[in-house]
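Dear colleague,

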Amino acid sequence: MATSLPTTPTGRSNIPRGKDLLNRQDLNKGTAFTHEERTEFGLHGLLPPQVETLDEQLVRAYEAYQRKEDDLERHIYLRALQDTNEVLFYRLLLDHIEEMMPIVYTPTVAVACEQFSHIYRRPRGLFISYPLRDSIPQLLRNRPNKDVDVIVVTDGERILGIGDQGAGGLGIPIGKLSLYTLIGGIRPERTLPIVLDVGTNNTERLNDPEYLGWRHERITGQAYFDFVDQFVQAVKQELPGTCLQWEDFATPHARPILTRYRDQLLTFNDDIQGTAAVALGAILGAVKVTGKSLKEQQIVMFGAGSAGIGVADGLRGAIQGEGLSEDEARSRFWVVDKGGLLHSGRKDLTAEQSVYAQPESRVSGWPRTSDGHIGLADVIGKIDATILIGLSTVAGAFSEPIVREIARKVERPIIFPLSNPTSKSEAHAADLIRWTDGRALVATGSPFAPVNHGGSKIQIAQCNNVYIFPAMGLGVAASGARRVAEPMMLAAARTLARNSPALKDPFASLLPPLTELRRVAAEIAFAVGIEAQKDGIAPKVREDELHQRVLDTQWTPAYTSLA
Ligand code: NAI
């Protein structure tokens, strides 16, 4: 028998009808629109007659995903789904987080940035190009949604390990904000990816006829910083209270930008601060496993670049938090770079590095290499190192003799080869476990498979910033914080450490599994909010109220009724 439809459907004024509704990725439910919704919004006939549940749609979406032949194709598929139906996209990601995170984010997103101009389909985020520098407030006003919790901005100059990608760098903010939503639960429509298109020095991009960015060499010097300043002032004016996260800027720009703006608005640099916080979280977890305190540690940092110094700064703050003076805390660090141990006799240190220079008198009789440096092996031979961290890009630098010497003097050495990619790792996880007879507490920068030792499988933690940034976004959004202060990063690291599975199981990873990330993010967000209140940079509310705000802010992908 034929079913008759109402002739004058009564759509709600703020919800579009028909094809326009199906084109709204935030409202579209596809085949899951109910009979009532199809009637109210004029969808009958535009959709196949079968009404499905989200779970049924997930089966088809996963089937389509699996049919794709390589990771870039899978990335393109997921991005298209994100632009079509956000609830379905995020539920699919949540259900397959371990399989799909490397597809929407690292490492596949690197290829997506390289290929940005070739795989471009639909607009997402904002392109703020240098030639339009006098209209930045207007460009920001063109954003798709009025209220924004988090902006991720890049200038595309230092994209992951693949360098300058110009406007194609926008792939990184897009991917990263997907994780802010997936894990932190920041509502998708309250995120805004931005690329500051200041040109590119990548000749392959410049010579590519399909390149979609501003075809010009990079703007540099004062003109560059003036442009960034115009952008920041426009954000302060148009989006006060929005968290502005800097992403993949080249080192000579990243630090000055952070230093200049960190006290002016709600902002942080994930490469610097997020990296330090996740490494600190893993170290604090490892130290807890040893049963000692952080202030008892002797820390050897191999690599004194932006990552090494950033991690050392975070650790130093945590040590001072345990009651040591600044000088006492500094004396615990033995930092080694290309020129050997950092000491007061060296004239080539930057201001940030000088903080870690040991007094020359303390190392005067130490062995030196033929070129006069005090090398890593010399330092390890002279002190009882308890923590060894590698952020040097020197593959194999943590050699067997060095590791055995540490393990000879310490029961549970903490050894973190953090350099990326795997080909640059200072050591392989399996070697570290073997050379220390399973006693080393290991975390790495790149992923390593579990290691078999003495009949057990030891899980290796990967220090991935994803443990921190989505939680930080949730924390500042829920608490209404006005700044991202260092104690908030420390609170995040401490909470991450408390969630270390290795505290309960000696063979477990030092960091939680990805499937636990949403729960841990909510806990971190709460700790961040409490810290922000203590620092006087977030409105004071009762603990139970803050807790509720975190839960209410963390969006879960599920359909809501429109009819
Ligand atoms: P960078 O180039 O700023 O610093 C490298 C440092 O290593 C410099 O201090 C340099 O003097 C030192 N170094 C290089 N060769 C050396 C040698 N033969 N002996 C002793 N020291 C040497 O690099 P950046 O940005 O600090 O990154 C370093 C590494 O850390 C990279 O592999 C990067 O992928 C990795 N990283 C890992 C993160 C993680 O969470 N796993 C996060 C951020 C960076």
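Which residues form a nonpolar patch on the surface? The patch consists of Y120, F127 and L212, with about 250 Å² of accessible area together. Patch members have over 30% relative accessible area and no salt bridge, and nonpolar side chains (Val, Leu, Ile, Met, Phe, Trp, Tyr) are joined within 5 Å. Areas come from the Shrake-Rupley method with a 1.4 Å probe, and for residues only the protein chains shown count as cover.

This is a predicted model, in which local features need pLDDT of at least 70 and side-chain atom pairs count only at pLDDT 80 or more, while totals for chains, interfaces and linings use all residues. Residues are numbered from 1 along each chain as its sequence is written, and side-chain values use heavy atoms, with hydrogens and water left out.

Y120 is located in the loop between α8 (116-119) and β1 (126-129). At a relative accessible area of 33%, Y120 is partly exposed, whereas F116, at 10%, counts as buried (buried is under 20%, exposed over 50%, partly exposed in between).

The whole structure holds 15 aromatic pairs (ring centres within 6.5 Å; planes under 30 degrees apart are stacked, over 60 edge-to-face, the rest tilted). F116 and Y120 have ring centres 5.9 Å apart and planes at 55°, so this pair is tilted. The rings of F333 and Y356, with centres 5.2 Å apart and planes at 65°, are edge-to-face. Both F333 and Y356 are buried.

Yours sincerely

Key: Patch = residues over 30% accessible without salt bridge, like charges linked within 9 Å, V, L, I, M, F, W, Y side chains within 5 Å. Salt bridge = Lys/Arg side-chain N within 4 Å of Asp/Glu carboxyl O. Helix = DSSP H or I, 4+ residues; strand = E, 2+ residues; numbered from the N terminus. Buried < 20%, exposed > 50% of the residue type's maximum accessible area, 1.4 Å probe, protein only. Phe/Tyr/Trp six-rings, centres within 6.5 Å; stacked < 30°, edge-to-face > 60°.
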